Amino acid sequence: MAIRVPSRQLFIGGEWREPILKKRIPIINPATEQIVGDIPAATAEDVEIAVEAARKAFSRNKGQDWPSTSGAYRAKYLRAIAAKITERKSELGKLEVIDCGKPLDEALWDMDDVAGCFEYYADLAEGLDAKQKAPVSLPMETFKSYVHKEPLGVVALITPWNYPLLMGAWKVAPALAAGCTAILKPSELASVTCLELADVCREVGLPPGVLNILTGFGTEAGAPLASHPHVDKVAFTGSSATGSKIMTSAAQMIKPVSMELGGKSPIIVFEDVDLDKAAEWTLFGCFWTNGQICSATSRLLVHESIASEFLDRLVKWTKKIKISDPFEEGCRLGPVVSGGQAKSQCYEKVLEFIATAKREGATILSGGDRPKHLTTGFFVEPTIITDVTTSMQIWREEVFGPVLCVKTFATEDEAIELANDTHYGLGAAVISNDLERCDRVTKAFRAGIVWINCSQPCFCQAPWGGIKRSGFGRELGEWGLENYLSVKQVTQYISDEPWGWYQSPSRM
């Protein structure tokens, strides 16, 4: 399908700017392995200019141009962005497919969610006005106190490649709603739609410098941005290893960070389920977005009494999944994002995980290789691995590809123990018709997100985030807005009488 990828520059101070060092990065279509364009590669020199532009936008006219405006004023821009995203949905969805390889139907769904996210935070921005100067009840009548919420300042937003524009929206929308100015740094593996967001911001007349977008490598652009002394907060989604580096850097300046990191999430299937419903949710929880989801429920725990029948059902469902060029109608599994040229999780890395599992004694029940009908592109068959032990790499480490590993259990307590036996704590799912049992298991899960009788649904109204090595802080919902606000206590003495703690000189 012939779709032209626009040639863009960095977006700084409301204008397109060529990188100082004039470097660019090729865009490789993961379905064809062809170079389809390039993106600008920012370096520390460009970071300096972008941070300066964001600071200028924050302080311009003593803040009256953005951070100190009403939430309703900022909401108008957020709604205008949402409308433009909707208007350009088809084009943006196709660009997303070319850039990261997800099926077109998924990409179009993502665009709806992007627009919905900007609309939602427009509503919350308006709601901020009514919440300002919220009174605080005090025990002394001679004082009154209230709380004022203020934007944190200049924020760095660093996002991954699996949901390029949507992950950008999850951070940009609440940051702007709060009144912050921002620098968005998307992954170098998939930045195209984020640069189109810059074009949308120009179209709607967003004040210059309020949102700046830098594309480039993490080491050359992301690291100097995260460590910049004039950035007031870093919000990061990505690997635990990179998150640790950002935290270390931020700690030097006591800078707040919020982190949404990796996962190795469990899904528990009890013996009382409808096997087909459970099979579809199990596959969706692991193979959606080509298996490249930090919250993927990639560890299946199935009750031993139904394990054989359930696995047979899973394999039959898996063989029905259409693996193809993501533009083909009905495609449900496209390529992973990159080949060997990337340091991130990619085609060769996923296949090596599968090979290691086999060497360690696991059984590849289904999949495990390149689909035979696809000779180019970074395609991996949806893979189910059994005979797994808890010491195996495939059980403990995040694969970030369409790979499901399986263990059986005999009791509810055993299932919970196995589910929580992980350094991660992002998501978890339980499938059972016994809702009291679901409630017990939900409370026992050590995870930030729990799904009951489903896996992976996500709504911008509900909080998103994890515990343990999956990070801290919450995105989405009202919690996402709080990420970018500071709370100022204001207390006033209202009595006509002197305070009277010290003796007055006039009475001596």
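This is a predicted model: local features need pLDDT of at least 70, side-chain atom pairs count only at pLDDT 80 or more; totals for chains, interfaces and linings use all residues.
View 1. Glu87 counts as exposed, at 57% relative accessibility. A second salt bridge joins the side chains of Lys89 and Asp112, with an N to O distance of 3.1 Å. Because Lys89 belongs to helix 3 (residues 89-100) and Asp112 to helix 4 (residues 104-131), this pair ties together parts that are 23 residues apart in sequence. Both partners are partly exposed, Lys89 with a relative accessible area of 26% and Asp112 with 39%.

View 2. The side chains of Lys488 and Glu150 come together in a salt bridge of 2.9 Å, N to O. Lys488 lies in strand 22 (residues 485-493) and Glu150 in strand 6, so the pair links parts that are 338 residues apart in sequence. Lys488 is partly exposed at 38% relative accessibility, and Glu150 is likewise partly exposed, with a relative accessible area of 22%. Elsewhere, salt bridges with shared partners join Arg8, Lys84, Glu87, Arg88, Glu91, Glu196, Asp199 and Glu203 into one network.

**View 3. Cysteines without disulfides.** A search of the whole structure finds zero disulfides.

View 4. The protein is divided into domain 1, which comprises residues 10-261 and 470-491, and domain 2, which comprises residues 266-452. Their centres, taken over C-alpha atoms, are separated by 31 Å, and the contact between them takes 26 residues from domain 1 and 31 residues from domain 2.

**View 5. The surroundings of Pro224.** Pro224 is placed in helix 7 (residues 218-226) and is buried, with a relative accessible area of 18%. Leaving aside neighbours within four places in sequence, Pro224 is in contact with Ala44, Val47, Gly218 and Thr219. The C-alpha atoms of Pro224 and Glu48 are separated by 8.7 Å, although these residues are 176 residues apart along the chain.

**View 6. Two loop residues with positive phi.** Lys22, which is not a glycine, has a positive phi of about 60 degrees; Lys22 is located in the loop between strand 2 (15-17) and strand 3 (24-29) and is exposed, with a relative accessible area of 56%. Asp387, also a residue other than glycine, has a positive phi near 55 degrees and lies in the loop between strand 15 (383-386) and helix 12 (393-396).

**View 7. A nonpolar surface patch.** Met140, Tyr493, Trp499, Trp501 and Tyr502 form a nonpolar patch on the surface, and together they have about 700 Å² of accessible area. Met140 is found in the loop between strand 5 (134-136) and strand 6 (143-151), and counts as partly exposed at 41% relative accessibility.

Terms used:
Residues are numbered from 1 along each chain as its sequence is written. Side-chain values use heavy atoms; hydrogens and water are left out. Patches are made of residues with over 30% relative accessible area and no salt bridge: like charges are joined within 9 Å, nonpolar side chains (Val, Leu, Ile, Met, Phe, Trp, Tyr) within 5 Å. Accessible areas come from the Shrake-Rupley method with a 1.4 Å probe; for residues, only the protein chains shown count as cover. A salt bridge is a side-chain nitrogen of Lys or Arg within 4 Å of a carboxyl oxygen of Asp or Glu. Helices (H or I, at least four residues) and strands (E, at least two) are DSSP runs, numbered from the N terminus. Buried means under 20% relative accessible area, exposed over 50%, partly exposed in between (1.4 Å probe, protein chains only). A disulfide is a pair of cysteine sulfur atoms within 2.5 Å. Domain bounds come from an automatic or database domain assignment. Contact means heavy atoms within 4.5 Å.
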